[in-house]
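The sequence and the structure are shown first.

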Amino acid sequence: MRRIIIAGNWKMYKTIDESVELVTLLKRSLVDIEGIEIVVCPPFTSLSDVHEALIGTNIKLGAQDCHWEKEGAFTGEVSCQMLKSAGCEYVIIGHSERRQYFNETNDTVNKKVKAAIKEGLRPIVCVGEKLEERQAGRTFDVVKDHVENSLAGLSKDDMLKTVIAYEPVWAIGTGVVATKEQAQEVHSYIRGLLMKAYGSDVAKETRIQYGGSVKPDNIRELISQEDVDGALVGGASLKADSFTQIVKGCL
Ligand code: PEP
């Protein structure tokens with residue numbers, strides 16, 4: 001049975017005080033939620049304080065990126081070990097904004113995924129096509145390339161610790177959400193890829209989130225799809241009300 005996972009990607013928003021304020025509200029509004037895994041991914045600077053605020057709650061902590069080396073002369077980078085020591089359980093890897101603005105490739109994503117798992121973090125690996133790729137009928141090719149190469153060399157056990165986020169780039173931050181049929185079609189395709197690579201047990205257990213303009217008014221129909229196991233939420237995770245409604249929309 002796959003447990004629904006709703007994760008909030010706060011991107012480059014929220015100071016430390018604002019972050020603690022937001023999780024203080026979320027702790028109250030989500031206190032009764034059972035059966036759904038809830039994760040917040042604040043910017044690096046807020047991780048420790050948010051971790052403190054979340055101790056003993058049903059909300060977990062994630063980061064938005066990591067480096068694959070344990071330590072070294074990599075100015076500005078943050079290692080998985082550091083994220084772990086700040087209280088993270090999850091880390092988003094390969095978000096399209098990192099692929100687009102920071103030269104993230106399948107190869108670097110793959111190194112980060114392996115480093116995260118080695119350090120005991122659960123990676124949330126983002127895959128998804130751009131608008132022009134969808135229009136050119138290349139959605140499945142792009143998704144296959146992202147899935148196969150970002151996850152290359154992972155064992156079955158590694159895969160079971162990994163969450164995949166299908167995030168069509170044209171839906172991120174645009175207000176244009178994929179239809180439930182579009183989401184289901186790609187999610188089921190991804191599950192088929194996992195089936196071929198890892199067999200049916202792993203394919204059935206691996207969670208595939210949808211991401212891209214998820215809002216309180218569209219979560220219900222997305223989550224009703226057989227292969228949609230949760231959501232990676234950007235804009236709507238920045239307000240306690242909308243994030244809470246999205247989580248509750250999955251009940
Ligand atoms: C995201 O940042 O992963 C995302 C899906 O953003 P939004 O919900 O704002 O489209």
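In this predicted model, the ligand is surrounded by 14 residues, of which K11, E167, G173, S213 and G234 are the closest. By class, the shell consists of eight polar, four nonpolar and two charged residues.

| Residue | Polar atom of the protein | Distance to an oxygen atom of the ligand |
|---|---|---|
| E167 | side chain | 2.7 Å |
| G173 | backbone | 2.6 Å |
| G234 | backbone | 2.8 Å |

On its own, the ligand has 290 Å² of accessible area, and the protein covers 98% of it.

Helix α1 comprises 14 residues, 16-29. The distance from its first C-alpha to its last is 20 Å, close to the 20 Å expected at 1.5 Å a residue. Its buried residues include S19, L22, V23 and L26. Viewed down the axis of α1, the buried residues fall within an arc of 95° and therefore line one face of the helix. The face turned away from this buried side carries D17, E21 and R28, which are exposed.

Helix α9 has 19 residues, 180-198, and at 1.5 Å a residue should span 27 Å; the end C-alpha atoms are 26 Å apart, in agreement with that expectation. Within α9, the buried residues include A183, Q184, V186, H187 and I190, and also R191, L193, L194 and Y198. G199 follows α9 and has a positive phi, near 90°.

How values were computed:
Residues numbered from 1 in each chain as written. Predicted model: local features only at pLDDT ≥ 70, side-chain atom pairs only at ≥ 80, totals over all residues. Heavy atoms only, no water. Helix = DSSP H or I, 4+ residues; strand = E, 2+ residues; numbered from the N terminus. Expected span 1.5 Å × (residues − 1). Buried < 20%, exposed > 50% of the residue type's maximum accessible area, 1.4 Å probe, protein only. Near = heavy atom within 4 Å. Polar contact = N/O pair within 3.5 Å; in protein donor to acceptor, adjacent residues only side chain to side chain. Areas by Shrake-Rupley, 256 points an atom, 1.4 Å probe, with all protein chains shown as cover. Nonpolar A, V, L, I, M, F, W, Y, C, P; charged D, E, K, R; others polar. Arc of directions from axis to C-beta.
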